[in-house]
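Here's a friendly walk through one structure.

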Amino acid sequence: MRLICLLGLPFVAALASAAVPFKDCKHKVKESIHGPPRGWSKHTPAPKHHILELKIALPQHKFPELEQHLWEVSDPSHPRYGAHLSKEETDALTAPHPETLDIVNEWLASYGLEEESLVRSSANDWVTIRVPVGLAEEMLDTTYHVYKHVKSGESIVRTTSYSLPEILHEHVDLIQPTTMFARFKAFKSTLHWGNQVQPSVLSTSSGTITGPAGNQVNASCNSTITVSCLRQLYNAVSYNTSATNGNQLGITAYLGQYANNMDLQQFFELENPSAYGSNYTFVSVNGGLNNQSYAAAGDEANLDTQFGFGLTWPTPGTFYSTAGEPPFDPDMFTLTDTNEPYSYWLDYVLSQPTLPQAISTSYGDDEQTVPFTYASRVCADMALLGARGVSVVFSSGDSGVGDGDPNPATQVCYSNDGLNVTKFLPVFPASCPYVTAVGATVNIPETATDFSGGGFSNYFLRPDYQEAAVSEYLAKLAPGTYEGLYNSTGRAYPDVSAQGVNFIIVYQGQELPVGGTSCSAPTFASFVSMLNDARISAGKTPLGFLNPFLYSAGYTALNDITVGNNPGCGTEGFNATTGWDPISGLGTPNFEKLKALI
């Protein structure tokens, strides 16, 4: 089709007028933010020749239909429970309208960007282009600048507003990197090590104590957490997974986090000798690496792979390394600015015909640092994974309800809307209603940790599956509690929790204790993987999107956490209590009870 621009003329006059070249169409603001989030400052204009890798999201006009499929195949009471969709079926439900493809193609072609220079997603709902800043500024009627992060010194190229020809607005959901300042850090509250190899830090406490399932647990598990401790605590000591039934566990890594294989084997020797000599499948996404030098070992990647694959062995494991957004270096003009890594990882996995049935991710950032359009689109892509039968697990964050600071005088929870008012700061992607968010516990008996992230989304409405549980919690709060600090109608998180303190990992040859919801997410995902193993071995489909099951029936097989609070933003945060709460969710897993339910 031939695209023309009619510049606001009355209809009859417009028909008689000559067509205006497309790139001369009047632009209208598509997206803007009040300014860079707290902690970022504007520096110099971006060099015109600096290369940007822009991702353009095209509308998924059949998404409501896909979402309906998701609810049906994820609801244990529905006749279609477990009838997950194929890649081809989800692609068909997310493909853009042909008119959208035509219009966007012609717009790109008007700037010399022909088909051979475009990279498309499996469903054609994302288009990626590489253009210099100067051309991006012309296409988006904007000006890019270099912004610096005050604490880290990191620099990125961004803008606070961009525009598109008005005719394109209904055919483009978003374009990034433009207004996104999210850093998507790993969630680790503590990491301790020395310069020398340390003697074993495993506790030698003798005797046993009663665990949450009523069984006897080694007393040492009250001070150090190992693979054995988690199997004891969560009632899976005697369960053996299959290496050959098709079940898999996926672990994701971003931001240059590499899983060191020597550390992994040392960990297996220490905590699961039967797994010694086994390995995982490494998958590079968007040029992601897995550097095996000790110096390059990643504490986060080591934690996730060691406990994830250590708990579920011999279930095959997949480790995805996604190249993250490089910092902008004004002295390295060939460096490319890209998006945060989730979109690249989602592009890749959604293009694959088969996927691990459970995937754990331990990264996120304040929801408000992610533009609403982008968060909505990434969240929708998480729904696609659920519809395909994947349990998507995220850690809930390590800053309580916002910054982890109970002192009103020193807290830094401020809105980024220009008003600069104190607000609780929910975390994304944990706030996405299509993922299972995991908070953290500590000790035996278990209590919620003070850093466990939890609260209510400012972007996403509360889904029906958790309405009853969350309403019951809110009804227990004294009238006016934290009024104005949180969105009481938002998607509430976490959904569940697991131990998150004093996990013993091997890092650069040393045994070290680490903590954070980064420990909790792969732990919970591993027990989900074991449940999938049981279902698949019984001839059933995997659990897929977990939350409708967890809130309707699964909660009866979880250990309710009733002690703890998660301070932040100048408050003591929310309290744990009977039933769901925004610090421990519905509780921690009891594997044998869950297995009996599924």
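Is Tyr486 buried or exposed? Tyr486 is buried, with a relative accessible area of 17%; buried here means under 20% relative accessible area, exposed means over 50%, and partly exposed is in between (1.4 Å probe, protein chains only).

A quick word on the ground rules. This is a predicted model, so local features need pLDDT of at least 70 and side-chain atom pairs count only at pLDDT 80 or more, while totals for chains, interfaces and linings use all residues. Residues are numbered from 1 along each chain as its sequence is written, and side-chain values use heavy atoms, with hydrogens and water left out.

**Rings**

The structure holds 36 aromatic pairs. Rings of Phe, Tyr and Trp (its six-membered ring) pair if their centres lie within 6.5 Å; planes under 30 degrees apart count as stacked, over 60 as edge-to-face and the rest as tilted. Here are two of those pairs:

| Pair | Centre to centre | Angle between planes | Type |
|---|---|---|---|
| Trp71 and Tyr434 | 5.9 Å | 45 degrees | tilted |
| Phe456 and Tyr486 | 5.0 Å | 35 degrees | tilted |

Trp71 sits in helix H2 (residues 63-74) and Tyr434 in the loop between S21 and strand S22 (436-442), so their pairing ties together parts that are 363 residues apart in sequence. Helices (H or I, at least four residues) and strands (E, at least two) are DSSP runs, numbered from the N terminus. Trp71 is partly exposed at 26% relative accessible area, whereas Tyr434 is buried at 9%.

In the other pair, Phe456 belongs to strand S24 (residues 455-461), and Tyr486 to the loop between helix H11 (467-476) and strand S25 (490-493), 30 residues apart. Phe456 is buried, with a relative accessible area of 3%. Both rings also belong to a cluster linked by ring pairs, along with Phe424, Tyr473, Tyr482, Phe574 and Trp580.

Three strands make an open sheet in the order S10-S19-S21, with antiparallel pairing. Strands S10 (185-186) and S21 (427-428) stand at the edges with a single partner strand each, so one side of each has no neighbour in the sheet. S19 (residues 363-366) pairs with S21 over two bridges (DSSP must find at least two bridges for two strands to pair). Asp365 has Phe428 in S21 as its bridge partner.

What lines the largest pocket? The lining has 30 residues, with Arg38, Lys151, Lys185, Asp366 and Val412 nearest the pocket's centre. S10 and S19 each supply at least two lining residues, and the pocket holds about 780 Å³ of space. On a 1 Å grid over the protein atoms alone, a pocket is an open set of points with protein on both sides within 12 Å along at least five of seven lines, a cavity is a set where a 1.4 Å probe fits but cannot get out, and lining residues have an atom within 4 Å of a point. A volume is the space filled by probe spheres set on the points, which are joined across faces, edges and corners.
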